[in-house]
Amino acid sequence: MFVKLQLDPGCLSLLGSTKIVPNIGISVSPLEKLEAISKDRKQRVIKTPDAEGFKKRFSEFPRPSRDTASSGRREFKKQSLVENPGTERRANCWDSGGVLKENEGNGKFRRSSTRQDVVVKKVHTKCSTKWGSYGGCIPAILQALVEVKDLDKALQPWEGNLNNKERSIILKEQVSWERALEIFDWFKSKGCYELNVIHYNIMLRKLGKARKWSYIEGLWDEMKAKGIAPINSTYGTLIDVYSKGGLKEKALLWLARMNKQGMVPDEVTMGIVVQLYKKAGEFQKAEGFFKKWSLGEQLRQKSKTLNGSTKMETGLLSHVCLSSHTYNTLIDTYGKAGQLKEASKVFAEMLTEGIAPTTVTFNTMIHICGNHGQIEEVTSLIQKMEELRCPPDTRTYNILISFHVKRDDINMATKYFKKMKEAYLEPDPVTYRTLLYAYSIRHMVSEAEDLVSEMDHRGLEIDEFTQSALTRMFIESENLEKSWLWFKRFHLTGRMSSECYSANIDAYGEHGLVSEAENVFYSCQEAKKLTVRDFNVMIKAYGVGKCYQKACLLFDSMENHDVVPDKCTYSSLIQILAGAGMPHEANSYLMKMQNSGLVSDCPLYCAVISSFIKLGKLKMAEELYKEMVRFGVKPDVLVFGILMNAFADAGCVKEALGYVDEMKKSGLPLNTVIYNSLIKLYTKVGFLKEAQDTYELLSSEEEGPATYSSNCMIDLYTSQSMVEPAEEIFERLKRKGAANEFTFAMILCLYKKLGRFDEAFVIAKQMKELGILTELLSYNHVLGLYAVCGRYKEVLATFTEMMKASVQPDDSTFESLGIVLVRSGVSRQAVGKLEVMTKKNAQVGLQKWVSALSSVVQVDDFDYL
């Protein structure tokens, strides 16, 4: 299934190959997208001019500086994304610290030395380095826009001199969409600035991120009115922002508009659409869209070749050159779709095309392989990362830690945590959360406490999920004092949510620690954060602790706290009371729930009905059933099954059959539970044909008849002296290994009834050999068989075994023993005295029975005690 990940170094070089990598024409995109594509293009492996086969990324090519050109030395210098767009080099108005120098910038703008806005200071500190990388006057302009609200004053030194690229950067660098829109409108109001599609693209993205859809529509209309034609990246931007804004259908409408214009998505837009489908979980559509786009791209590229050949390649991505970003998207899409094989194919073709995998690529592949339990492939990928000197990042280690935690290899997870720190990578909250949860469920208290100390030292906050997990850890480690101190630490901050309080109540409540659960509940009340969820888990805790009265009182107090019980509140309390044998109390809350309009189905009625039946209150159960029907709640098969069984066991055949008829009229599909109940009922009343029909239906089900139902049928056939069908069921149960003690006892009874003693003796012998002669009923059948046939020694041996097994005899037992004694010449009066003696003193009486039996069969007394 999995394509082995063999990274042949040769596949990353194009040396000695006649293959020409086609140049992809990428449409003009918003700067954000240009940045992403530029980064990806830098990672494409190419042949070096010196033809030595040494492979580098674009960003790694050395550039001679003025100082080193003459000496032949090379320095690695990272390219800036945006170069100086002006034809004349502008004087840099910023010193090395990113501060505007006085008397520079045409002398028209001087920054105030006094700064009272703290926010401005923070923005300056954060952005000065990035702004400085633009060069020219851009840093000064951006700083002025931060510090001076009035645009006329802020941009006065450069008014009329800003070119298209500078205006793009200014708009792109605005943090606030309002400020960006204000500047955009200012450019329009001056009349001297050309605003092109790139500027509109930037604004569309800004407004889309802020989810200002009406503004977007307005800009779109403005573009049409001014005759500014949208380009590929315009549609890509619109699809992207609407998709990320959760408006998938509107995003697809923009794609439809794009197609209507006859515009083919470029690689960036294609990737955005694939991402859209991936996030929606529509993986087949994502794959279909990509393959359709890829096919069209092949045709477009083929049409540019000299020979005009239109022969299509069979490979998934043959002759379609893509960025590593696109490959990563495709791999992730297949991974989330659970298609490991397809993800591996894309990865393999990425290597074949000479695209160097990035850390993101490896992270995605490791994550996919880990989710499929492919430990060998995970190990191979890690080794290849080392071979290609592709450094793992924090996410790489997080994936590996999570992978080994899921494999229950906590030692390896801890090992990678240590390696992460050895690589000078700081663990993030995900790292700690994963390990803390893993330690907590394994009760690794010391390790968890060490991690908490480390997080405290670094000033990292512990999330509420982790807090409640560690509370459970301390509880389950029987360290209640620590658990309480841990809870108090978060409670005293005043920032605990209601959800976190309820999680802590539940942690104590599930272990029957009612007092501690109450203390958390009171703490939540003190913090004025009580919600219905907190009441629900507290009622549940009272149920576990069997504090039923407290549960009812807490429910009744909810109104005083302005909290309205929900369906879960009622359900929890009713189930608790019904299970505790308190159906009357449960019924009163059920009626309140019904009056609140929260009852839509019958499970809670079923629970209370069942509770009444267990107490033998069939009339109350029936009244509640009728009330349920009056409220319009339709009974299900479970309710009918419970009532049928209850009345059948009570010998109320008419009532039981009445529920059978009601169930059939309701049109409910019968299941195996109902079939078994019907067979039990029909056996009890002797309805042979109905039982046979039902058993036949049950046999056609996938599960087949239960052993209990089969035994009922054997019992019914025994009462009718029907040997063949009884034997057929008996043999089938034996073949399946489902025949139990009752099965053997019933067939033995049948043979005995028909005088087929030899076969009955065989069954009795098998029962002893199989060790399934344990129940009083079985012993009585075997004793009766031996007594009737005059096999008195077997009677004595069986009775002795019965005594040693501590199975207490009943009247049927003594009846069989009496037959032996009377037939051996003992008077009925003597046998009667033995029975009376046994009732007065069972121990002495049983010894007398054994002595009497031993004397008549002429064997020594048995020491059965």
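I started with K190, which counts as partly exposed at 30% relative accessibility. My cut-offs here: buried is under 20% relative accessible area, exposed is over 50%, and partly exposed is in between, with a 1.4 Å probe and protein chains only. Before going on I noted that this is a predicted model, where local features need pLDDT of at least 70 and side-chain atom pairs count only at pLDDT 80 or more, while totals for chains, interfaces and linings use all residues. I also noted that residues are numbered from 1 along each chain as its sequence is written, and that side-chain values use heavy atoms, with hydrogens and water left out.

Which residue does K190 pair with in a salt bridge? I found E159, with the closest N and O atoms 3.8 Å apart. E159 sits in the loop between α4 (151-154) and α5 (164-172) and K190 in helix α6 (residues 177-190), so this pair ties together parts 31 residues apart in sequence. Helices here are DSSP runs (H or I, at least four residues), strands are E runs of at least two, and both are numbered from the N terminus. E159 is partly exposed too, at 35% relative accessibility.

**More salt bridges**

The rule I used: a side-chain nitrogen of Lys or Arg within 4 Å of a carboxyl oxygen of Asp or Glu. By that rule I get 34 salt bridges. As a reminder to myself, side chains of opposite charge can pair when their charged atoms come close.

I then checked K680 and D649, which form a salt bridge with their closest N and O atoms 2.9 Å apart. K680 belongs to helix α33 (residues 672-685) and D649 to helix α31 (residues 637-649), so parts 31 residues apart in sequence are tied together. D649 counts as partly exposed at 45% relative accessibility.

Next came E727 and R756, whose side chains meet in a salt bridge at 3.6 Å, N to O. This pair links distant parts of the chain, 29 residues apart: E727 is in helix α36 (residues 723-736), and R756 is in the loop between α37 (741-753) and α38 (757-770). E727 has a relative accessible area of 22%, so I logged this residue as partly exposed. R756 is also partly exposed, at 29%.

I also noted one network, in which salt bridges that share partners join D185, K188, E222 and K226.

**Aromatic rings**

I looked for rings of Phe, Tyr and Trp (its six-membered ring) with centres within 6.5 Å, calling planes under 30 degrees apart stacked, over 60 edge-to-face, and the rest tilted. That gave me 29 aromatic pairs.

F521 and Y522 make an edge-to-face pair, at 6.2 Å centre to centre and 70° between the planes. Is each of these two buried or partly exposed? F521 is buried at 4% relative accessibility, and Y522 is partly exposed at 45%.

Y625 and Y659 have ring centres 5.3 Å apart and planes at 85°, so I wrote this pair down as edge-to-face. Y625 lies in helix α30 (residues 618-630) and Y659 in helix α32 (residues 653-666), so the pair ties together parts 34 residues apart in sequence. Y625 is buried at 4%, and Y659 is buried at 3%.

I marked one aromatic cluster as well, made of W213, W220, Y235, Y242 and W254.

**Positive phi**

Most residues other than glycine have a negative phi, hence two entries to flag. K546 is not a glycine, yet has a positive phi of about 60°. I found K546 in the loop between α25 (532-544) and α26 (548-556), where K546 is exposed with a relative accessible area of 63%. S806 likewise has a positive phi, near 60°. S806 lies in the loop between α40 (792-804) and α41 (811-823) and is exposed at 56%.

**Confidence**

How high is the mean pLDDT of the protein chain? I read 81, with 81% of the residues reaching 70 or more; pLDDT is the predictor's confidence in each residue, from 0 to 100. Residues 1-125 have pLDDT below 50, and beyond near neighbours in sequence this stretch has 193 contacts in the model. Residues 306-315 are below 50 as well, with 11 such contacts. Contact means heavy atoms within 4.5 Å. Where pLDDT is low, the predicted coordinates should not be read in detail.
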